[in-house]
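This briefing concerns selected local features of one model. Please consult the sequence and structure shown here before reading the points that follow.

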Amino acid sequence: MKINWIGGTILLTLFCLISLLCIGTMTTMLGNENEIMLLTVTQIGMWLIPALIFVWLFYDNFYDDLKLKNFGKRKDYMLFFLLYLVAIPFVYLFKEISEFIPFSESWIEYSRNTETKTKELVLRLLSEGKLKNLMAALLVMAVLPAICEEVFFRGVVLNNFIKSNVNIHLSVWISAILFSAVHLEVFGFLSRAILGAVFGYAFVRSKSLWIPIILHFLNNAVLVFGYYWSL
């Protein structure tokens, strides 16, 4: 069964809203103490499960359509790793530029609180200096986001745009903007959109979801190790 990009986007949004309600209920049941479990449930429930339901409903072949069977060529890994390195200075540049954009005070406060809470969580996990804490931080901050978010935004959202014959570049940038917007961090919006575009072009060129997953993991893992070495 096929669905166009408009219907697909609406349906995915509906799936995510339903998941959000379920996550809210589970959060109430679990409490706020087990942050690792809450982050795990959020990543899987918010992104992976809606994406897999969509794939089950509208994709003919799970591995082929999600581009999981193809692991990509070595030259594509090298090309997009280099592109990622080239993009990093622009990522930080646009983050600095974002500081001068006159966002509303409420958005600025929310964004800073979100960034602060994320940093505090990672630092709490890593403060004991144990290997298991580092592995836990990598799991919730790098492994799960790389898999769940890439399956959703590249494997499903971007893929559905392409299947609906939307222009490739427009498809990549729309999915990248959506990817950045859902993080609700105003100062990282432009920089995260650039990263999303890099992941998107990697997916389109290589016809493999593994390359953007690995790039996404590396990007987040570098931040975790940065916190780890700063302690």
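The model is predicted: local features need pLDDT of at least 70 and side-chain atom pairs pLDDT 80 or more, while totals for chains, interfaces and linings use all residues. Residues are numbered from 1 along each chain as its sequence is written, and side-chain values use heavy atoms, with hydrogens and water left out.

**Surroundings of Ser208**
- Ser208 is placed in the loop between helix 8 (189–206) and helix 9 (helices are DSSP runs of H or I, at least four residues, numbered from the N terminus).
- The Ser208 side chain reaches the backbone oxygen of Asn70 at 2.6 Å.
- Beyond neighbours within four places in sequence, Ser208 is in contact (heavy atoms within 4.5 Å) with Lys67, Asn70, Phe71, Gly72, Ala202 and Phe203.

**Helix 9**
- The 21 residues of helix 9 (residues 210–230) should span 30 Å at 1.5 Å a residue, and the end C-alpha atoms are 30 Å apart, which agrees (expected span: 1.5 Å times one less than the number of residues).
- Buried residues in helix 9 include Ile211, Pro212, Ile213, Leu215 and His216.

**Ile3**
- Ile3 lies in the segment before helix 1 (5–30).
- Ile3 counts as partly exposed because its relative accessibility is 22%.
- Although 161 residues apart in sequence, Ile3 and Ser164 are 7.8 Å apart in space, C-alpha to C-alpha.
- Not counting residues up to four places away in sequence, Ile3 touches Gly8, Leu11, Phe54, Phe58, Asn160 and Ser164.

Methods. Helix = DSSP H or I, 4+ residues; strand = E, 2+ residues; numbered from the N terminus. Buried < 20%, exposed > 50% of the residue type's maximum accessible area, 1.4 Å probe, protein only. Polar contact = N/O pair within 3.5 Å; in protein donor to acceptor, adjacent residues only side chain to side chain.
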